[in-house]
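Morning, everyone. Please bring up the model on your screens, and keep the sequence beside it.

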Amino acid sequence: STETGASLFVMKEIFPELPGDTDRAAFEGSLFKPWYRTYQSHLEDSRILGNIVQRRLSAAIPGWEFTLREAPIGILASAGMPAILIELGNANNPASLQALANPALQDRLIASIVASVTEFGTTADGGS
């Protein structure tokens, strides 16, 4: 949200094709892909993880919005596993910084993220 600056990001499909991608279909099912396409094998699991984290953080921190977004983020593009990026605050917002400095809030955030990863790991599709 604008007040907290909290957002969760899943890799966005990269379209249109990037330079060097002569035939995207040639990479489908291939062991070797360009680094910026590594995420594709785990995109659905990344979305599942993002939804779990969003649900748990929203329940743990009432009043904060944890918006799940898709964006072309380099660190996510090269992840060879389910991956999300978690942005918990806005360093330009004094209220956000003050809230994040609270040890009790930090404990709730950490516990929620750990519980999310544990839940994801026990789902039928998680970690595949």
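Let's start with a term. A salt bridge is a side-chain nitrogen of Lys or Arg within 4 Å of a carboxyl oxygen of Asp or Glu. Side chains of opposite charge can pair when their charged atoms come close.

Some ground rules. This is a predicted model, where local features need pLDDT of at least 70, side-chain atom pairs count only at pLDDT 80 or more, and totals for chains, interfaces and linings use all residues. Residues are numbered from 1 along each chain as its sequence is written, and side-chain values use heavy atoms, with hydrogens and water left out.

Now the layout. The chain has four helices and three strands. Both come from DSSP runs numbered from the N terminus: helices are H or I with at least four residues, strands are E with at least two. Read from the N terminus, the order is β-α-β-α-β-α-α.

Back to the salt bridges. How many does a search of the whole structure find? Four.

Take R55 and E119. Their side chains meet in a salt bridge, 2.4 Å from N to O. R55 sits in helix α1 and E119 in helix α4, so this pair ties together parts 64 residues apart in sequence. R55 is partly exposed, at 45% relative accessible area. Buried means under 20% on that scale, exposed means over 50%, and partly exposed is in between, using a 1.4 Å probe and protein chains only.

E119 also forms a salt bridge with R56, with the closest N and O atoms 2.8 Å apart. Again distant parts of the chain are linked: E119 in helix α4 and R56 in helix α1, 63 residues apart. R56 is partly exposed too, at 30%.

Next pair: E70 and R47. Their salt bridge is 3.0 Å, N to O. E70 is in strand β2, residues 67-71, and R47 is in helix α1, 23 residues away. Both are partly exposed: E70 at 41%, R47 at 26%.

Now look at α1 against α4. Two packed helices are described by the angle between their axes and the distance between the axes. Here the axes come within 9 Å and cross at roughly 145°. Axes are lines fitted to C-alpha atoms, for helices over the stretch in contact, and angles run from 0 to 180 degrees between N-to-C directions.

Which residues make the contact? From α1, they include I48, L49 and I52; from α4, they include L109, I113 and F120. Contact means heavy atoms within 4.5 Å. By class, there are ten nonpolar, two polar and five charged residues. Nonpolar covers Ala, Val, Leu, Ile, Met, Phe, Trp, Tyr, Cys and Pro; charged is Asp, Glu, Lys and Arg; polar is the others, Gly among them.

Last, the inside. Buried residues make up 35% of the 128 in the chain. The largest nonpolar core has 26 residues, and M11 and F66 have the most contacts inside it. Such a core is a set of buried Ala, Val, Leu, Ile, Met, Phe, Trp, Tyr and Cys residues joined through side-chain atoms within 4.5 Å. Which element gives the largest share? That is α1, with six residues.

Finally, click on M11. Beyond its neighbours within four places in sequence, M11 touches Y39, L43, E70, A71, P72, I73, L76 and A77.
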